[in-house]
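Notes as I went along.

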Amino acid sequence: MTSLGGTDLVDWNLAVSTATRFARPGPEVSRDEARAVVTELREHAVAAERHVRAYTELDSGALDTPVLVVDRAGWIRANVAGFRQVLQPLMGRMRERREGMPAGGLLTAVGGKVTGVEVGMLLAFLSSRVLGQYETFAPPTPGLPAGEGGARAGRLLLVAPNIVHVERELGVDPHDFRLWVCLHEETHRTQFTAVPWLRDHLESEIQAFLSEADVDPATLVERFRRAAQSVTGKGQEETPRETSGDAIKEAAEESGGGLGIVDLVQTPRQREILERLTAVMSLLEGHADHVMDAVGPQVVPSVAEIREKFTKRREVGAGRLDRALRRLLGMDAKLRQYKDGERFVRTVVERTGISGFNKVWTSPNTLPTKDEIADPEIWLTRVRPEGQGRGA
């Protein structure tokens, strides 16, 4: 097992320990209640797989990936491992660049410690908000196995304490809500297991994006620090939940009133790649939302109430601080992805049926562009899936 530490841009071990230390505690549940939640989520994941594959007409064949029910610390460890996996090529170029720099090793070591703390604080914030996640680039880690094929197989994480927290906050039926969440997350698992080229395509785009990054260690360390400090607050010494709202607002204003982390390392070429990535992510998120709502009425009795309350929560957020953090982390863009992507999927399915929509999974060339996500008619004209005209 490779250590998560080392002399990279980010001290990953420190990121894990910082995030785990400052992550908010989960909702209070007894040991018996916790066991019951874990058992039910696993059962719902199995049921959701059947429902999703029946509706989407997507079949992964023999390929399978594990479904893991985790706590917030488990989510943190899994994501740090995934980040490190994706960033390995960039870190390698940085090490080569550093070898020719005076005191390069010291610069990276010190910067890695500082950035490790800042990244840990970001993960601490996010760890209490994610309900589930399909890890596309998931290397196996202790207690968190990947599927057959190791780092290329992926795994589905369901974050039990966050699911319980939201179902209580919304006041919805917990059994219905858990299945509803599983329908969304299982759709993501089905996307990647049934479309074999999708993972490699995404990885290629991400690596192309990173290859355009400035690999000067001092520059990257400073950019990572600026991005993370804009969220955690300058001179921050308290936990994320105690971060000053004024500090966040000030940081947002200094960064242009809405600068996301990714904007700090963009070049014109990166913006082109990011547009393509944004279109793909909009498709994947919109597809998951569409499937969840299409299947929901048949298997989730209170789906209408859940959708109404969850959508309101998703859009409104928890308050001024939460809205500022979402903007700086790019989470507002993710909310637009859900809306735009779901509208694209719904429009195409209404016009062509689910079989016609599935033409989107044929190859990277049939994926919608950013403009086509906004105007499905452009995609329909370009791709011309069988069944076009249904519902017109």
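Below are my entries, from the whole chain down to single residues.

**Entry 1: the whole chain**

First reminder to myself: this is a predicted model. I counted secondary structure and got 15 helices and three strands for the protein chain. The chain has 392 residues, and 52% of them count as buried. For contact order I took contacts between residues at least 6 apart in sequence; 80% of them join residues at least 24 apart.

**Entry 2: helix α1**

I looked at how this helix begins. D11 caps the N-terminal end of α1, with a side-chain oxygen 3.3 Å from the backbone nitrogen of N13. Which residues of α1 are buried? I listed W12, A15, V16, T18, A19 and F22, in a helix that covers residues 12-22.

**Entry 3: helix α6**

Next I checked the geometry of α6, residues 174-194. At 1.5 Å a residue its 21 residues should span 30 Å, and the end C-alpha atoms are 30 Å apart, so the two agree. The N-terminal end of α6 has a cap too: a side-chain oxygen of D173 sits 3.0 Å from the backbone nitrogen of H175. Is α6 mostly covered or mostly open? Mostly covered, with 19 of its 21 residues buried.

**Entry 4: aromatic pairs**

I ran the ring search and found six aromatic pairs in the structure. One of them is W180 with F310, edge-to-face at 5.2 Å centre to centre and 75° between the planes. W180 belongs to α6 and F310 to α11 (residues 303-316), so this pair ties together parts that are 130 residues apart in sequence. W180 counts as buried because its relative accessibility is 1%. F310 is buried as well, at 11%. Another edge-to-face pair is F357 with W361, 6.1 Å centre to centre and 85° between the planes. I checked cover here too: F357 is buried at 0%, and W361 is buried at 7%.

**Entry 5: nonpolar cores**

Which residues touch the most other members of the largest nonpolar core? L283, F344, F357 and W361 do, in a core of 53 residues. Helix α3 (residues 72-99) gives the most to this core, with seven residues. Apart from that core lies another, of 27 residues, with L41, A48, V172 and F177 among them.

**Entry 6: T366**

T366 is in the loop between α13 (331-357) and α14 (370-374). Is T366 buried or exposed? It is buried, since 11% relative accessibility is under the 20% cut-off. I then asked what its side chain reaches. The T366 side chain goes to the backbone oxygen of S363 at 2.9 Å and to the backbone oxygen of V360 at 3.1 Å. Not counting residues up to four places away in sequence, T366 touches K359, V360, W361, W379, R382 and V383.

**Entry 7: positive phi**

Last check was backbone torsions. Most residues other than glycine have a negative phi, and most peptide bonds are trans. E57 has a positive phi, near 60°, and is found in the loop between α2 (31-56) and β1 (67-70). E57 is partly exposed, at 47% relative accessible area. R384 also has a positive phi, near 50°. R384 is placed in the segment after α15 (376-383), and at 57% relative accessibility it counts as exposed.

Methods:
Residues numbered from 1 in each chain as written. Predicted model: local features only at pLDDT ≥ 70, side-chain atom pairs only at ≥ 80, totals over all residues. Heavy atoms only, no water. Helix = DSSP H or I, 4+ residues; strand = E, 2+ residues; numbered from the N terminus. Expected span 1.5 Å × (residues − 1). Buried < 20%, exposed > 50% of the residue type's maximum accessible area, 1.4 Å probe, protein only. Polar contact = N/O pair within 3.5 Å; in protein donor to acceptor, adjacent residues only side chain to side chain. Phe/Tyr/Trp six-rings, centres within 6.5 Å; stacked < 30°, edge-to-face > 60°. Core = buried A, V, L, I, M, F, W, Y, C linked by side-chain atoms within 4.5 Å. Contact = heavy atoms within 4.5 Å.
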